[in-house]
Amino acid sequence: MFRLRLLPWEYGIRNLFRRPARSALTLAALSTVVLLVLVVVAFIRGLESSLAVSGDERVVLVYSIGAAADMENSAIPARTAGLLAASLDGIEQRFGTSYVAPELYIGTKVQTAADAPGMFGIVRGVTPATPLLRRQVQLLAGKWPGAGEILVGRLTAAKLGCDAELLQIGKTIRFDGREWRISGQFTAGGAAFESEIWAPLAELQTILKRQDLSLVAVGLSAGAAPADVELFCKERYDLELQAVAETAYYAALQKHYQPVRMLGWVVVLLVAGAGVFAGLNTMYGAVVGRVRELSTLQAVGFRRRAIVISLIQEATLLSMTASLNAAVVALALVNGTAVRFTMGAFALRVDGLAVLVGCGVGLLLGLIGAIPPAVKAMRYPVVEGLKAI
Amino acid sequence: MLTVLATVIGFGSLAGCGTPAAPPASAGPSAEGQAFLLATEPAAAKGVKEARASAKDADEVTLVGRIGGDAKPWIEGQAAFLVVDSALKPCGADEGCPTPWDYCCDADQLPNNKAIVKFVDGSGKTVATDARQLLGLKELQTVVVHGRAQRDEAGNLTVLADGVFVRN
């Protein structure tokens, strides 16, 4: 007797199709809001993921004390690699090769043609030991660089802001006063290396007239700890070295970019807030135009609560459809899109969390956007509502 | 929007260095560390600078110095730390230095006034307990260390310590 009699489920669905233009516009507006939320969350997730997967817990980076966290400013003696290999017991070895990779890390102007404008790129001077420590790196095509050759990462074109066609194997690019032939392309599982250019270390040193290194990456064997390398650096304080576990290095960068991530979440909140207001506006319009219909429903015996639930059902159906639309578009067009930033480039990630946040915002838009206008409409006296035009 | 975020990233990376993370508070010396603590101050302790100038490899040395010489004078998880000659004064509080024990105001004099102390076990390996936990030490404490000198070709001095007296 006291059981709430709800409006039929089909009533709400049919209502959406009774005003197709209004429903389509609302759907488009809600889809845009959810898509914006998805793009911003994908940006945050991409940045986080790029830094998170860049570190290897068994690798320690040795670089200059004065460089803080900026490898480009680091300059350490070339003999550091040999000293580390000779002095530390806990370095991993395979077939007589120590896991010690000396590297140069520079930011420089890169041209895809002699008359092309220069673009800022990241170049890493590498040796055959480098892939032993950068275990995420996989050669996609081509071969390891020989004399006058380089490898380019999957996101190097995005970092340089140029067409990927210009970085195909066999093409040449120009930096530091000479031309380099592209011998291969590599991927690094989303790590920061993917936006870099890798050149043979000795050749890069010759061209740059540098005998020093930016860093030495050291691979630890089982049982060894980063503190062993740190102890060596403290003992050899004449070399002014510091040792940081690679995971700790990228974790510090994550912390460094914390304000950016916070800003991203603030943008998500603002976009969602704007979406709620847009939804409220649309729903107010939709409900106010249906006062006579809603009063008629009351007159035939439906309780106000049942009518409010039906209105929320309509709005939620619309917003969840918009969420699905936006998620499909984001997965098809946004996911994997490369974005440049100071350290290189990273790919936007529309992952499970991004879809969850986007659909959550969509659901909230439907719920919160429908309640106030529905409640307002229910405050009309039934008699006045029936007379409304 | 992404351009704005990427630009903010650029500005973020230009921002200056922040305050370093506070080191873990040192509790009192552990039971294992008691073995290294000396009840009385060893006599004839030399300053770090003097020891660097005179001590030869494998010499027995007694060294007095202040814990510091780096923003992080400790080695995580190892009984080792840096000491600086007591003649050098740490940066004053009025200079606003968050880590006065790094002697950043006298950075040019540090190389000749710095040594590293390692507490070693019977087999000569560094004790694998952080010096702050093992001995209850903290930055800028003056310590007198007894042990053997280890020199390298660059003239760096490492003291393989077997005992420490904490002066203050």
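Helices H2(A) and H11(A) are oblique to each other, a class that takes the angles left over once those under 35 degrees are called roughly parallel, those over 145 roughly antiparallel and those from 65 to 115 roughly perpendicular. H2 of chain A covers residues 20-52, and its axis comes within 8 Å of the axis of H11(A), with a crossing of roughly 45°. Axes here are lines fitted to C-alpha atoms, for helices over the stretch in contact, and angles between N-to-C directions run from 0 to 180 degrees. The crossing of H2(A) and H11(A) is right-handed. On the H2(A) side, the residues making the contact include A:Leu27, A:Leu30, A:Val34 and A:Leu38, and on the H11(A) side they include A:Leu318, A:Ala322, A:Val329 and A:Val334. Two residues are in contact if their C-beta atoms, placed from the backbone, lie within 7 Å. A crossing is right-handed if the near helix is turned clockwise from the far one by less than a right angle, and left-handed if anticlockwise.

The model is predicted: local features need pLDDT of at least 70 and side-chain atom pairs count only at pLDDT 80 or more, while totals for chains, interfaces and linings use all residues. Residues are numbered from 1 along each chain as its sequence is written, and chains are lettered from A and ligands numbered from 1 in the order in which they are written.

H11 of chain A (residues 304-334) also packs against H12 of chain A (residues 352-378): their axes come within 8 Å and cross at roughly 150°. H11(A) and H12(A) are therefore roughly antiparallel to each other. This crossing, too, is right-handed.

Another helix to look at is H9 of chain A, residues 258-288, where A:Ala278 lies. A:Ala278 is partly exposed, because 17 other C-beta atoms lie within 10 Å; the cut-offs are 20 or more for buried, 12 or fewer for exposed and partly exposed in between, with C-beta atoms placed from the backbone. Apart from neighbours within four places in sequence, A:Ala278 is in contact with A:Ala29 and A:Val33. From A:Ala278 to A:Leu365 the separation is 87 residues in sequence and 9.1 Å in space, C-alpha to C-alpha. A:Ala202, in helix H6 (residues 201-208) of chain A, is partly exposed as well, with 13 C-beta neighbours inside 10 Å. The C-alpha atoms of A:Ala202 and A:Leu36 are separated by 46 Å, and the two residues are 166 apart along the chain.

The chain as a whole comes next. Chain A has 13 helices and 14 strands; these are DSSP runs numbered from the N terminus, with helices being H or I of at least four residues and strands E of at least two. How does the radius of gyration of chain A compare with that of a compact globule of 389 residues? Chain A has 30 Å, whereas the globule would have a value near 21 Å. The radius is taken over C-alpha atoms, and the globule rule is 2.2 Å times the number of residues to the power 0.38. Along the principal axes, the C-alpha atoms of chain A fill a box of roughly 95 × 50 × 35 Å. Of the 389 residues in chain A, 45% are buried. Among contacts in chain A with a separation of 6 or more, 83% are between residues 24 or more positions apart.

Strand S1 of chain A (residues 59-64) is largely enclosed by the rest of the structure, because six of its six residues are buried. S1(A) runs antiparallel to S11 of chain A (residues 215-219), to which five bridges join it. S1(A) also pairs with S12 of chain A (residues 241-245), again in the antiparallel sense and over five bridges. Strands count as paired if DSSP finds at least two bridges between them. A:Val62 stands opposite A:Val216 in S11(A) and has A:Ala243 as its bridge partner in S12(A).

Chain B has four helices and six strands, in the order α-α-β-α-β-β-β-α-β-β along the sequence. Buried residues are 36% of the 168 in chain B.

Backbone angles remain. Most residues other than glycine have a negative phi. A:Phe95 is not a glycine, yet its phi is positive at about 50°. A:Phe95 sits in the loop between strands S2 (93-94) and S3 (97-98) of chain A and is exposed, with 4 C-beta neighbours inside 10 Å. B:Ala44 likewise has a positive phi, of about 55°.
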